Structures are given as structure tokens and as C-alpha cells.
Amino acid sequence: MFKFKLGRKQPEDNEARRRLQKELFGLNKICDRGFPSRPSALAYDSQLKLIAIGTHSGEIRIYGQPGFQLSYSLELAPSSSIRKLIFFDGVARLLILTVDGYLHLLEINNHMPPQTDSLSHNTVRVDRICTSSDDDSAILKNTQTICLLRNHLNLLIGLNDGNIYLFNIENFSLNVNPIIPTDVIEKTIVEYCSGRVIHPGPVQSIVQHPINEDKILIGYKNTLIVHWDLPSNSHDRTYIYKQEVESVSWYNKGMNFVTCHNNGSYALWDAKQQLNIVETEKIPYGPYPCTPMTKICVKIMRNGDPLIIFAGGLPRSSYSNKHSVSCLSENEHDHNNDRTRHVTFDFTTAVIDFFTIDKTSNDGTRDDPQSLVILLHEEIVVIDLVTDSWPSYHLPYLNSIHASPVICTTLVCNVNPEFYKKLVNYATIQFDDYSDRKWPITGGDIKYNANTSSDDVEQRHLLLTGHEDGSVQFWDITNISMPLIYKLKTSDYFQIEQAPIDETDEETWPPFRKTGLYDPYCDDPRLAIQKLSLCTNTDILIVAGTAGQVLTFEFSPESTDVTIATTTVNLLDGCESFVWKGHEEMKTKSAFIPSGLVLTSLVQLYPPAAISALALCSDIQTYAVGTAHGFTIFNYKQNRILTAKCTLDPNALASNQPVPSSTGESTLIRGRSLKKSLRESFRRLRKGRTIRKATMLPATKRSDENNPLSQANMHLEEVIRVPVERQVEFREFKPVDDQVASMVRCLYFAKTYLNSVNERTRSVWAGTNGGHVYVYSITGFEPQATNGAAIATDQTNTCTMAKEIRLKHKAPVLSIVVLDNANQSIGHGSSIPTMESTSAISNVPVATATNSENTSPTLSTAITSHKVLICSEEQFKVFTLPNLKPYCKFKLTAVEGTRVRKVNINQFALKSDNVSESHSESCLVCLDNMGQISIYTLPNLRRQILFSCVKASDINALSTVQFSPFAHALYLQSSSELVQVTFSPQTILPYSMSITYDKLQRKTIQRSELDKAVRQTSPQRNLTNGNDALLLTPSKLSEHADESTITTVSEKHQETPSKSSMSPSSQRNHQNVNQNKMSNGHEEFVNGKTNNAIGKSYQNGNIGNNSGFSTNSDSAIDLSSGITSMNITNNHNHPSK
């Protein structure tokens, strides 16, 4: 009782701690990396040099120069997707057409966070300013093609039935009657084409004349091309071709146009000819039947020759399953001269769209195409059209990390600068085939902060990905762009069964060139990489594969012939009755390897099962590796086995059970004994009295489970918690279980007080699925440090069993961490990322010894011993060292009903100009199987906050979460795209973004009174589809140049917080907003600059789905300062009495 009284904190201390938690912890989404999943549309702003990619899930990615990236989510229904994207050139606006028949208008605006925040700086965000009405969607659903006129006032929409409608951008409404109806076109057919065409068919393409804005060219499916005059609303000329039309395009200043057709042919036309005469018609890959040519464009090159670019058109019988874009450049009069070039770029996946980046001459007679951008289903390819060989560009972003499926990821922070320089230098050989020209997409402005030192810019972070084809790729994730800087292929060292290569020359027509990196096929599944470990201080890389192979790589300055002897480690010592029935080990071969990372040691485990755990300690040139059958500790410099341990249960093998049982014949159930029940009853009695006196905050209902990053899914833990333990049955591994009790789940190196408090001993900790922890001590030589570098000796070291721990609940041990006095990890392994370089890091401050929360109340004196934290799937438990006395524990599964997936140790800091007000503490970060991130203090394991980070149904994301030392996390939100989030609101990025556009060319959008009345009487769309209501801001563009002319507020985001969780000022703002809603119906006409409620909502990220770098589908996050306002409430809901 006295212990309980002494350990209890006063209410004012609880309130102070709660305020500190809000400043220490916060979940923000930083950015998306990689290639967007399921792309569907592509757009390019030729003036601002920006590209936009839309996806089937309603996501938009906007890219400029490397480091400039914006993301936006339309929050569409699951069945809806983006169909078309069009930029308003030069005014930073983007028009979006969705499959469900809605048009959305987005604006890219410069944004200045509140000046009250000293860490804030300029950024750029995306605002949705307008959405078409429900009545228009019935017509827009049938859209086949769209054309935005250059005055940015009108949009021509061609439908499947042949009608063409006019959409007015100024009032953002659709004219009810078609501007070019099918009836008029049919009369034209009767007059000029009687007997050959009955109905024009769907509108395939509409393009505006490049010089005369009054003229457009319309291509109809049923062989009809119409030259139309907009002012008179009549046709000028009509052209008929013998094949169905797929696409049309102007070229040569509008004096000519080109059409492509469904039989794989294209035709060049003279626009001045009154007669229906084709100037040139050609089937490039005929004469046999060919696939449709889906899109074509003609550009006039610098030398005056036409460059014809088209998609498709391949011979149907031989290459109907191929995807290609062809480039053909030839002189019109001499087809055999040296300037003739013809390349068919062959891709693995289908082509979505393409465009060229031109450098038009002053007189406009030359397009001078510089680059060709091709969007495919699984990657994007950019071709250099200036270099004679037409090579590809090396992508600084939008890389397809899933070129081969990703199996594992490893994050390496603060990479040694020397290692990074070597890696980049050796990678130049790999990138010789790429273009040397500068990246052509250069939109946006980036400015590094004035307080950012050159050292901070040079701090590099690498992401290593292991792939199914046996390759390891190194990605630079220092900034939001993620370029590939090095690629290692382990398949070069193994014999792989491949189909014989035909040495004879294949058919040279069409002239295919394999382009792109996406290749999902693998020659041998045993090549797949399971675990990676890298030490950049010693230039050592350990790669572990699926067939029990463990490879050690080091840098070699020269190209060498590599022949490595394999060291075999038998993990079945003592379990000879076990029979391996899996795949065989891989056979090695000699290989000629260029300079770079070269294999120096190869270990083959038997049985050749997949590697399940890996840890590297480069100080003693040793690593530990484990499988489902045991683990071994190996010195890679001496090629010597220190020890090998079999974790199989001999009793289970004797009983011929296919999956060994960890409990034998035991049928013990983890029920509650009488003593335990009485003890818990008294504990509940004491806690009940405490709760009546404590001030508790009601928990906010998790109203949006689909979006884990929404503010309603963040909960702050009260300092006083009431655990309600539930009964969890005892684990008994049966043959039908998925988990194998003998599998090694984690390995960890640490130099700690293993045997006594007077001497630190190097040790290896191994945890298994059956709840067993094996501790080995390593004795022998110690590396001698000279000028900061460790020098190895020829002395040998020995490894012996020191301790063995068996957890009573027998849950899988996922992580083992040895903590020092500052509660920070002092070892290597257990998937706990470490910082490589020893330089000071501004983002990760040093822990202070004055942290009262992290200091045990029973230990007032200085702590001289370490502690070990053992994390299983069900609980966390801290033991003191060296006597392994239990210190404290937290039963996650018994209290919450969830299971641990991954943990990390992070430092959280509160920065302040006043040193006395600065605060930092080391915490345990946990990801559970429901996708929630919880943070606990160390070593007392008191939970501080709970976030919903990942969808519980997204198994791929849960299994790929990778923590960083900076309180960040990376995970795969799809097979091709990574998401980076942070748990600390103090995180800031080293640069700010801005965009420069023509402010005077932005037209103010004015909705008609009739349209507003219709939208007020039909508000159900906002409730069902989650689309936006409109806020019109009639402010002058000259006065508010950097503000949106129209802003939107999503109805579903205007959640009503409980009054108890709102401050008086926020309550008044909330009441004002409600009054405005009541007076204005579903439309709010306010000025964006003077409305405080709207301004505050923008600052807090509640309006629109925009971000300086990236957003999620429910909240806008301002990442310039790294701080997002959160509605944080207590995690436990106590009913009122």
C-alpha cells in the first residue's frame, strides 16, 4: 500500500506530463517514394515544367525538379478512378476527370505557415477549388476525350455517342446542349460522304489548332476527320480514311496533321487541301495485320526532319503481346541517308500515355524535341532525343522499386561519407548506358534553410532493398526524391538454369530495344534475399538468402575473377534424425566481377532453409545468422565458425512430428490460480479508488478507420492506466500451426555486464518462436582503436553458452535490446537501426540524465548496470543485468488483445532556445498487428500515446515497416510505393519549396446563382461520396496573389470534437463555423484571408488534402515545420457516473 502511495503522481504532475506528451509525440506523413500504384493518366505543364500522374485510386502525384514533389488525394469512391489530367499551362492549375463523371479543379499555391512557429518556412500545397455538379456527371460518365482550349475558359468534351459538349471553366458548369451534336455531323456525312459512313461513332480525339485558336480537329472512330470552326460552329473540311481513327494530332505549325488507325497504319495530311487526299500513308510494320496504333505525334527536329512517335502498331501474329513506343526519323526525300533512325522501345508493361518535352525555336518552325516521357503501368521511362543513340535518363525519382518484387528492406542512417563516395564512384560503371544530359523536368523552386549547415546536407541515409531475383539495390533517401545509386547482383555467383540463348540473329524487324527496368520474373526462387546488414564504417555488407546462403561483400578497386570456397555449417548437430525435404542448396561458379562490392566470404547453412534472422558486429568481424533449425556465429575475416546451435526439439523429432512442438506432451492452460485471482481483485479495488479521483479525458471515437493518419485515430495515454487483463490460452505448437517453435526470430550483439557488474563482456542474444532466449559470451581479442579506426588482429576468439531464458508464456521473441544508463540501445541487431557515423545529429539529441519519467523511483543513485528488454509477440519485459532480475513488464496481448509486429528504440526531444527547458527521453516504439503505433517510456514501460498508422488489413504494409533512429518509419503502401511517416512533431526538413506562376492569367471561378441553389437542395452527394462543398472567395488576384481564388472544405472532415477536449477559443471558433453553415446552407461565401476559422483549419490540416510533400486521404499535413495539430484524447473511455 505504501509503495502504491509513493509511486502515485499528483494531478498537477499528470497535467504537465500530458502537455509534454503533446509536444514530444505526433504522427505526420512526410512523403511518398517510388512509383504510384496503378497509374491511369499523365499530364505535363510545358511552362512550369511539372508532370502529374493520376491513379485508379484517386491519388495525384506532381513532380518537378528532384526534391520537388506534391501529393493529393481526391478521396474517391472505391469504384472511381482518375481518367484524364490536363494542366492549365503556366497558372499552376490541374483539371481532373474521373470515371464516375466528375471534373475537379486543383490549384498549386505557395503557403506560409503561422509566423508564431519559429521552425516554419515556406512550402507548397495543393487545394481543390472546384468540383462539377451531380447533374453533369450523367453526361461526363460517357466521356471519351477532352480538349482544354488555350484561353483556359472552355473545355471541349467528346462522348462515346459522338456528341461534343462545352464545359465552361468560369462558372464550372456543363452546357446542357451539345455544341457539336451528332445530328450536324450526320448531315455533313450525307452531304460529303454518302454511302461510305453511316454514323461518326465515338469522338476519339479533339485537338486545337496550334496557331488559329478558332479551329479544332476532330477525329471520329468511324473513319471520319472533321476540321471545325468554333466561332461559326460549322465545319471547314471533312476527311475520310479507309480505317477506323484512333488519334489525330497537328504538326508543322498547323499546316499538316497526322492520324493513326486501328490497323497499325498512320496517315499524313495537308490541312490546306480541300480534297480528301492523303499526303502519305504507311503501315510501318506491315504488310501483315498489325495491332492498333493508339497514339501518334509528329515533331519537327532541329535539322528540319520530322520525328514520328507512335504507340502500338506491331505485327499481330508475332508481337501482339508486346508493348512498344516507336520513334522514326527520316528525310522525306532521301530514306537511306545517315539521318534516318528507327527504334522500337520494347517495354514489359502496357503504355498508358506519352508526351515530348520540346525546345521550340523562336519562329515556331522547329519543335526541337528534347525528351520523350512514357508512362507505363509499372514504371516511367524518359528518353533523351538529343543524343544520337536515344538513351534513357537515370531517374531521380519515380523509380520502380518493385522491378523485381521486394522481399526485405534495411535502413542505414548517417552513412559514412567515405563509403558513400566509394559507392557512387563504383556505380558510374553501372550507369554508363544512361544519358549524360541534365534531367529535363525542372519545375518548382527549392531553397535550403539558412540555419542548415553543410554538414547536415551531407548526412546521407540509404535504404537497402533485397529482391526476389537476388539483387540488392541501394537508394538514397536523404531527400524526398529516391534515386538508385548502386545495384548488386548475387546471381552472378551461382549456377542458374536458364533457357538456352539463340546465338543466331533474330528477326531485325521491328528494331526492338529492350527499355525499362521492370522485370517481375525470376530465374530461381532460391536467389531471393531475406536479410541484409550493412556497416558503412568498415565497408561490410552481409546478404542472406532463401537457400541458406550467407554472402559477405567488401569493396574491390579493380575488376577481378572471383572464385570463393564455400564454408558449410551444419545446424543439425545432435538432431541427426531430422530429414530435410526442401530445396537443395545453390551451386557456386566463378565469375568476373567489375570493381565495386565483391564477394569475399560465402557460408552455406544446412539444412538450406531461408534465413530468418541476421545480426552483424563489425567490431569483431563477426555475424550471427539463424534459420528455422538453429543459428551460428561466424567470423567472416577468418572464415571460422565460432559456434552452431540447433534449436530443434529432439523429443519432437523422435515422435515424428513434422513441426516440432515446444511443449512436448504438456497440456497446461494459462488459467488464473486462486492466489493470482485474489491479488488482482485487491489491485482492482485500489485502482478503482484512484480512478474516481483522477481527471480523465473521454476518448474520441475512431470515426475513420480507413485512414490511419486521421486526427481522430490518435490517442494520448493518461499517466495512470488501468490494465484489464484478459485470459490468454497457453501456446502449444501443433503440426497445423504456421509458426515453428525452433525458428530463430532475432539476433543481437551487445557488450554488456553479462557475468558481473565490474566487467563488460561481448555477447550474442538469440530469441526463438518458442519463447527461448540463448545468450552466448564471446571472449578473446578486442579490436585496437587507432585514430578512430579499429585494427583487427590474428588472435582467435571463443564463444560459449552463458545463459538461457525461457519465457513462461512461450510467445515468439521478436526483439532483444540491451539498454544503457540513458535507456538507449548499445548493440547491433534485432532489426534496431543504428546511426553509422559518430558525428552529432541535430535531429537526435543526446539523452539527459534529468529525465524523471525514465528513472526508476526506487533507484535514486546512479545506475551502474545495464538492462535487457525482451519483446515477445505478447509482452515487453525488462530484466536487470547481470542477474536477470525482472524489473517491469507490459502485457500487450492480455490488456489490449493485439500482438507485437515490430519494435524500435527512439529518442524524442523537445527543442528550446532555453537549455533548461529542453527535454529528451528514450522510448520504445511498437507496431502491433492492428497497424497501431504505441510509444512507451523506458525502462518503466508506461504507454504515452497511440496512433493508427497502417490499415490492419494491409498485410504487406505491416510486414514491411522499417523504423529509423529519427523516429521515422518506412513501409510499402503498395508493391511499388513507399510511405515515410514520423512520430515526432519536432522533425523538420532541410529545405523549403515554392512555385512561380503567372498570377494574372488565373481566372476567377464564379458559380451561377441557379447552380448554387441546385447544389444547396441536393447535399446528399457530400454525405455519400465524400466530395467537397464550395467556398467562393471573390478576392482580387492582384491583392492576394499567393492565395487560392476558391477553396473547398470536405464535409466529412468537419468532425465535431467533444466540448471537453476543446479550448474556449476553439469552442467559439467552432460555434462561429456552425452559425455560418446555418446561415449559408451548404455554401459558405467567405474571404479566405479574413475568416479565422477557415484559416485555422488550413493551418491544422483539416481542409483539403494537400501537403508540402505528401498527404493522406483524410488530413493535410504541413511538413515544412513537421508539426501537425492533433486532437489527442485519453485512450480509455470511462462512462460517466
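Modeller: A contact means heavy atoms within 4.5 Å. In this predicted model, residues 24 or more positions apart account for 64% of the contacts in the chain with a separation of 6 or more.

Colleague: How many helices and strands does the chain have, and what share of the chain is buried?

Modeller: There are 15 helices and 69 strands. Of the 1137 residues, 56% are buried.

Colleague: What pLDDT does the chain average?

Modeller: The average is 78, and 70% of the residues score at least 70. Over residues 690-706 the pLDDT is below 50, although this stretch has 46 contacts in the model beyond near neighbours in sequence. Residues 785-793 are also below 50, with 10 such contacts.

Colleague: Why is the pair R18 and E15 called a salt bridge?

Modeller: The term requires a side-chain nitrogen of Lys or Arg within 4 Å of a carboxyl oxygen of Asp or Glu. The closest N and O atoms of R18 and E15 are 2.4 Å apart, so the pair meets the cut-off. R18 and E15 are three residues apart in helix α2 (residues 11-24), which means that about one helical turn separates them.

Colleague: What makes E244 and K221 a salt bridge, and where do the two residues lie?

Modeller: Their closest N and O atoms are 3.6 Å apart, so this pair also falls within 4 Å. E244 lies in the loop between β17 (234-240) and β18 (245-251), and K221 in the loop between β15 (215-220) and β16 (224-229); the pair therefore ties together parts that are 23 residues apart in sequence. E244 is partly exposed, at 30% relative accessibility.

Colleague: What does the salt bridge of K322 and D346 tie together?

Modeller: The N to O distance for K322 and D346 is 2.8 Å. K322 is in the loop between α5 (316-319) and β24 (323-329), while D346 is in strand β25 (residues 341-347), so parts 24 residues apart in sequence are tied together. K322 is partly exposed at 30% relative accessibility, and D346 is buried at 7%.

Colleague: How many salt bridges does a search of the whole structure find, and which residues are linked in a network?

Modeller: The search finds 29. The network of salt bridges links K29, D32, E59, R61 and E977.

Colleague: R61 also has a place in a strand pairing. Which residue stands opposite R61?

Modeller: S71 in β5 stands opposite R61. Strand β4 (residues 59-63) and β5 run antiparallel and are joined by five bridges. Two strands pair if DSSP finds at least two bridges between them, so β4 and β5 count as paired.

Colleague: Why are β2 and β5 said to stand at the edges?

Modeller: The open sheet has four strands in the order β2-β3-β4-β5, with antiparallel pairing. β2 (39-45) and β5 (69-73) each have a single partner strand, so one side of each is left without a neighbour in the sheet. From one strand to the next the twist averages 15°.

Colleague: What makes strand β8 largely enclosed?

Modeller: Eight of the nine residues of β8 (residues 103-111) are buried, so the rest of the structure largely encloses this strand. β8 runs antiparallel to strand β7 (residues 93-98), joined by five bridges, and L97 stands opposite L103. Eight bridges join β8 to antiparallel strand β9 (residues 123-131), where T123 stands opposite H111. In the hairpin of β7 and β8, with four residues between the strands, G101 takes a positive phi near 90°.

Colleague: Which residues have the most contacts inside the largest nonpolar core?

Modeller: That core has 37 residues, and those with the most contacts inside it are L423, L462, F474, Y486, L541, F553 and L597. Helix α6 (residues 417-427) supplies the largest share, five residues. Beyond neighbours within four places in sequence, the contacts of F474 include L423, L462, Y486, L541 and L597. Another core, of 36 residues, lies apart from it, with L754, I805, I816 and V868 among them.

Notes
Residues are numbered from 1 along each chain as its sequence is written. This is a predicted model: local features need pLDDT of at least 70, side-chain atom pairs count only at pLDDT 80 or more; totals for chains, interfaces and linings use all residues. Side-chain values use heavy atoms; hydrogens and water are left out. Buried means under 20% relative accessible area, exposed over 50%, partly exposed in between (1.4 Å probe, protein chains only). Axes are lines fitted to C-alpha atoms, for helices over the stretch in contact, and angles run from 0 to 180 degrees between N-to-C directions. A nonpolar core is a set of buried Ala, Val, Leu, Ile, Met, Phe, Trp, Tyr and Cys residues joined through side-chain atoms within 4.5 Å. pLDDT is the predictor's confidence in each residue, from 0 to 100.
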